[in-house]
Amino acid sequence: MAHLPRWGLNPSPQQGRHHCYPLHQLHISLCPDKALNAGDTHVCLENVARRKLRVCVATCNRADYSKLAPIMFGLKSQPELFELEVVVLGSHLIDDYGNTFRMIEQDEFDIGTKLHTIVRGEDEAAMVESVGLALVKLPDMLQRLAPDVLIVHGDRFDALALATAAALMNIRILHLEGGEVSGTIDDSIRHAISKLAHYHAVCTRSAERHLIAMCEDHSRILLAGCPSYDKLLSAHKRDDYADIIKAWLGDSVKEQDYIVALQHPVTTDIKNSIKIYELMLDALMSFNKKTLILFPNIDAGSKELVRVLRRKGVEQHPNFRAVKHVPFDQFIQLVAHAGCMVGNSSCGVREAGAFGTPVINLGTRQTGRETGENVLHVRDADTQNKIYHALELQFGKRYPCSKIYGDGNAVPRILKFLQSIDMSEPLQKTFCFPTVWECISQDIDHILEMQSALAVDLGGTNLRVAIVSMKGKLVKKYTQPNPKTFEERIEVILSMCKQAIADAVHQNCRVLGVGVSTGGRVNPKEGVVLDSTKLIREWAGVNVRTPVSSALHLPVWVDNDGNCAALAEKKFGHGKGMENFVTVITGTGIGGGIIQHGELIHGSTFCAAELGHIMVALEGPECSCGSHGCIEAFASGLALQREAKRLHDEDLLLVEGMSVSNKEQVNAADLIHAAHLGNSKAEAVLHTAGTALGVGIVNILHTVNPSLVVLSGILAKHYEGPVCQVIRQRALSSARDIRVVTSDLEEPALLGAASMVLDYATRRTY
C-alpha cells in the first residue's frame, strides 16, 4: 500500500485497490476512470498532492531575527512547499529598543501578527510578568494560524512563553540553537525549551551531544550549523563596507581602527553586571579609540546599565556613538572590519569568529560557549586595568576565521529537515533513557558525514590538494604544476581548494580546515613561510594563512614538509602512540621532524629538525645551503643524481642490462639500478650515502635520544640497512637498540598537513 500521507485516514478494507479518503482533508485531482458527482465524498489516493507545510516563525528581538531571517527567506523562496506565517512580539515592538519590527517589513515579509508582550520595568518581576502576558495572548494567535510547525529560537523568556503555549496546544516545535551552554539563566530557559520542543536544529557537535545527554531523540536532532553563518560567510565582504563604517562612526574612521562594544546584563548577578559595564566604559574611554556601543537587551538589569551609560556621558562623548539598533547586514560589516569587539554578547563568541575579528569577552555570560582562538576571556573583569590590558593585546590583530558554529549551509539542511517531518507520527515526545554516551552525528538523510581536512602540498614541481578523512583516507586528490610566481600560486591553490570543497559535499565530507605542507623554514604560529627552498620561487616571507583563510572561510595551518611527515607518522603511522621519535625524509633533499613528549619541536627560530644540514664531514661535497659535508650533500636524491651524471660522463655507470638514451635523463634511479646490477662504483656511492645518513642519525640519537627512527621518502627502503649497520657500529651502547623502520605511508606530506587540521580543529568541533 502506498505510504499514508500525514493528513490521511485509514482506508476501509472493503474499498479495494482504490484507497479513499475524506475530500475536505485532501488536495485532489480526479481519477481518470471515475467522474466526481455532486454527492461524492471520496477521491483516489493515487492523485493526492501533499499540501504545503504551514510554518510559523516567531521572532522576539533583533538578535533572534538575525538567526531566523535566513530561514524565513528560504521558506519564502519555496512557496510550493511551505506556507510562511510571521509573528512578531517582544522588544521588536518597543520604541526604546529601536522598533526593530520595521527591519522585518523592510525585508518584505508580511507580518501576520504583532503581539505586545513586554511589561516594562527591566527587572526580574517584569520578565516574569512578560511571560505571563505572552501566555495570555498566544493561544488565540496559535488557534487562528493553526501552524503545522512553530520555529522558536534560542533562550529568551519570550521564546519560553512561545514554546510553552505551542506544546500545550499540541503544535510541533522546532527549536534552533538548543543544547548550548552559556552560564546564565539563559541556560535554564534554553534547556526548558529543548524539553518542550519536538525537533532540534543545533549549531555544534557539543550541543548535539548535550541534547542526547538530555535524553532527546537523536533522530530528531539536526546538526545544521548557525543560520546566520549562511549570510555571514557570503556577505561580509561587501564593497561598500567603508561607507557603512563612515555612516555609523564618521568620515575619519578607518577599517580596523574602531571598537564595537555590546554588553548585556547577567540576570543572575545584576550587581556585578553593572560593575563590569562601568569598568568597560572607563577602559574604553582611556583606550581612546572610536567606539560604536549598542544599548543592552531588555533583560533584567538593562535599565541600570543604561543609567551608567548616560551618567558617564557616553552619548555626548566624542569617541563614542551609542545606538539602539544596527541593521544586521550593516552590523556584519562593522564587526568584520572592527579592530576589536568587546562585551559579553554571543555575537562575540559566535559570529565574530567568522571574520577573525579579535574579541574580548567580559564576565561569565558566555561561560561554556565554544570559542575560536580570536576570543580572549576576562572572566574576572574586576579592574579597569585588566580590560585595558586586554584591549592592548587584542586591538588590531587578525585571526584565522573560525567555522565552529557553521559552514554556510544551515538553511538548506533545515528546510530539508522540515520537509522530512512526518505529521502522521505521534505528537507525544519520547525520551531516550539512559543517557547515550557515544553519539553518532547524522545529517538529514541519516548518513554519517565524515570529518575531513583539505591538505595542500607544495613541491618543487607539483602542487597537490587532497580531501583527507579522519582515518587518513585520501578521499580525492588533485594535482597541478606549481606556478612560478606567488600570485599565480595562490590563485591555483584557492582554485583547487574550492573545487575540493565543492566535491567534499558530494563525498559526504565535512571540511574542518586547511593544512599546508611546504618546503622551507616556516613560522607555524603566524602561517608564514620565512625562507623557501630554491625549487620554489617567490615563496620567502610569504603569509600563506591569511589569503587562504580569508578566501575559503576556513582555519588554516602551515608547516614545513619535514615536520608534516613527522605529524603524519604520529597520527597515522609508526609513531602512533609514541612519545619520542624522529622522522627522516629521504627524497630530493633530506629533512625531517622531531616529536618529543608527544609534541613537534620547532625551535626558537623554527629551524629545528633541519636534519639534512647536519655536518658529517669537515670536507665534503658542497651542499645547497652553501656549506660542505652536510648529509644532504651525500645522501639526497640530488646528490645521487650528481654522482650518477659524473659516473655516466666517465663511462662508469652503465653495465649490462642498462641503457640511458639521454645524458640529461640520468638520475638517482639509474645509480640505484646500476648498483643492484653489480656496478661497484655505483655501490660505493650508495655505501657512502648510507654511511653519511647513518652517521647523521647517530648524532640525532645521541642528541634527543628518541625511541624510534622512521625513514620516509622514496629512498628510505634503500637506506634502512646501511643506517642500521652504522648505528650498530658507531652509536653508544645505550642507543644501539633503538628501532629504525621504513614508513608505510604513501603520502606523508599530505597526511601530515591534514593531521594539523584534524588534531586541532576537532578539539572544538563544529
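Arginine 54 counts as partly exposed at 25% relative accessibility, where partly exposed lies between buried (under 20% relative accessible area) and exposed (over 50%), computed with a 1.4 Å probe on protein chains only. Its salt-bridge partner is glutamate 83, with 3.2 Å between the closest N and O atoms; a salt bridge here is a side-chain nitrogen of Lys or Arg within 4 Å of a carboxyl oxygen of Asp or Glu. This pair links distant parts of the chain, since arginine 54 belongs to strand S3 (residues 53–59) and glutamate 83 to strand S4 (residues 82–89), 29 residues apart. Helices (H or I, at least four residues) and strands (E, at least two) are DSSP runs, numbered from the N terminus. Glutamate 83 is likewise partly exposed, at 27% relative accessible area.

This is a predicted model, in which local features need pLDDT of at least 70 and side-chain atom pairs count only at pLDDT 80 or more, while totals for chains, interfaces and linings use all residues. Residues are numbered from 1 along each chain as its sequence is written, and side-chain values use heavy atoms, leaving out hydrogens and water.

By the salt-bridge rule the count comes to 32, and three of these pairs are listed below.

| Pair | N to O distance |
|---|---|
| Arginine 54 and glutamate 83 | 3.2 Å |
| Aspartate 187 and arginine 190 | 2.6 Å |
| Arginine 642 and glutamate 643 | 3.3 Å |

In the last pair, arginine 642 is partly exposed at 34% relative accessibility, whereas glutamate 643 is buried at 17%. Salt bridges that share partners also join Lys67, Glu177, Glu180, Arg350 and Glu351 into one network.

Aspartate 187 and arginine 190 are both buried, and both lie in helix H5, three residues apart, about one turn of the helix. An α-helix has 3.6 residues a turn, so residues three or four places apart point the same way. Helix H5 (residues 185–196) has twelve residues and spans 17 Å from its first C-alpha to its last, close to the 16 Å expected, which is 1.5 Å times one less than the number of residues. The buried residues of H5 are covered by elements including strand S6 (149–153), helix H4 (157–168) and helix H6 (205–213).

As for confidence, the mean pLDDT of the chain is 86, and 90% of its residues reach 70 or more; pLDDT is the predictor's confidence in each residue, from 0 to 100. Over residues 1–48 the pLDDT stays under 50, and over residues 435–447 it is also below 50.

Definitions and conventions:
Contact = heavy atoms within 4.5 Å.
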